[in-house]
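The following exercises are to be worked through with the sequence and the model in view. Each task is followed by a solution in steps.

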Amino acid sequence: MLRNLNGSEVKGLEDCKSSNGTSINPVKSFSAILDEIENSDFRDAPILLSGDLSGCDNAGSYQMLNKMLFNRKKEIIWLPGNHDDLQEMNTHLTHYPRLSSLRLNNWSLITLNSSKAKSAVGFIDHHELLK
C-alpha cells in the first residue's frame, strides 16, 4: 500500500494563514500526519509525496522535510509539483533521491515533473514524457 500525503506543504517553521485566516503551522501539521501513519496499518508502507512540498520553494523547506522524514525512517517517493523547484529538491532531499519510476507489486508508478521555474502554473515538458 502506498500512502499519499499531498496537501501538506512544509513551508518552514513560520506560521501560515489558511483561506479563512486561521494560523497554520505546516511543520506541526505534517508531523501530526506522520504520527497518524505511524499509528496505522500503513506504518510500513512507502509514502508518496505528490508535489507542492514547499510553498516557497527554498532550500530550508526541503532541508526541513528531509530531516523530518529521515528522523522517522520513512520510505519516500516524491515528485515535484508546480510550486516546487526540482533543482532545490534534488539538492536538499539528500536521503531521498528522485525516482522517475518504481514498481510496486503489480503497479508501475511513474513520477512526472510538472514544476516550472518562477511560475505558479505547472507544465510537463515533452522530454519528461520521453523518460
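A salt bridge is a side-chain nitrogen of Lys or Arg within 4 Å of a carboxyl oxygen of Asp or Glu. The model is a predicted one, in which local features need pLDDT of at least 70 and side-chain atom pairs count only at pLDDT 80 or more, while totals for chains, interfaces and linings use all residues. Residues are numbered from 1 along each chain as its sequence is written, and side-chain values use heavy atoms, with hydrogens and water left out.

**Exercise 1.** Determine how many salt bridges the rule gives, and describe the one between K74 and E38.

Step 1. The count is 3 salt bridges.

Step 2. In one of them, the side chains of K74 and E38 meet at 2.8 Å, N to O. K74 lies in the loop between helix 2 and strand 5 and E38 in helix 1, so this pair ties together parts that are 36 residues apart in sequence. Helices (H or I, at least four residues) and strands (E, at least two) are DSSP runs, numbered from the N terminus.

Step 3. K74 is buried at 7% relative accessibility, whereas E38 is partly exposed at 35%. Here buried means under 20% relative accessible area, exposed over 50%, and partly exposed in between (1.4 Å probe, protein chains only).

**Exercise 2.** Which residue forms a salt bridge with D35, and which with E128?

Step 1. The partner of D35 is R72, with the closest N and O atoms 2.8 Å apart. Because D35 belongs to helix 1 (residues 26-38) and R72 to the loop between helix 2 (59-71) and strand 5, the pair ties together parts 37 residues apart in sequence.

Step 2. D35 is partly exposed, at 35%, and R72 is partly exposed as well, at 26%.

Step 3. The partner of E128 is R98, at 2.7 Å between the closest N and O atoms. E128 sits in helix 4 (residues 126-130) and R98 in the loop between helix 3 (86-92) and strand 6 (101-104), 30 residues apart. Both E128 and R98 are buried.

**Exercise 3.** Are the residues on the two faces of strand 4 buried or exposed?

Step 1. In a regular strand the side chains alternate between the two faces of the sheet.

Step 2. In strand 4 (residues 47-50), I47 and L49 on one side and L48 and S50 on the other are all buried.

Step 3. Strand 4 runs parallel to strand 5 (residues 76-79), joined by 4 bridges; two strands pair if DSSP finds at least two bridges between them. L48 stands opposite I77 in strand 5.
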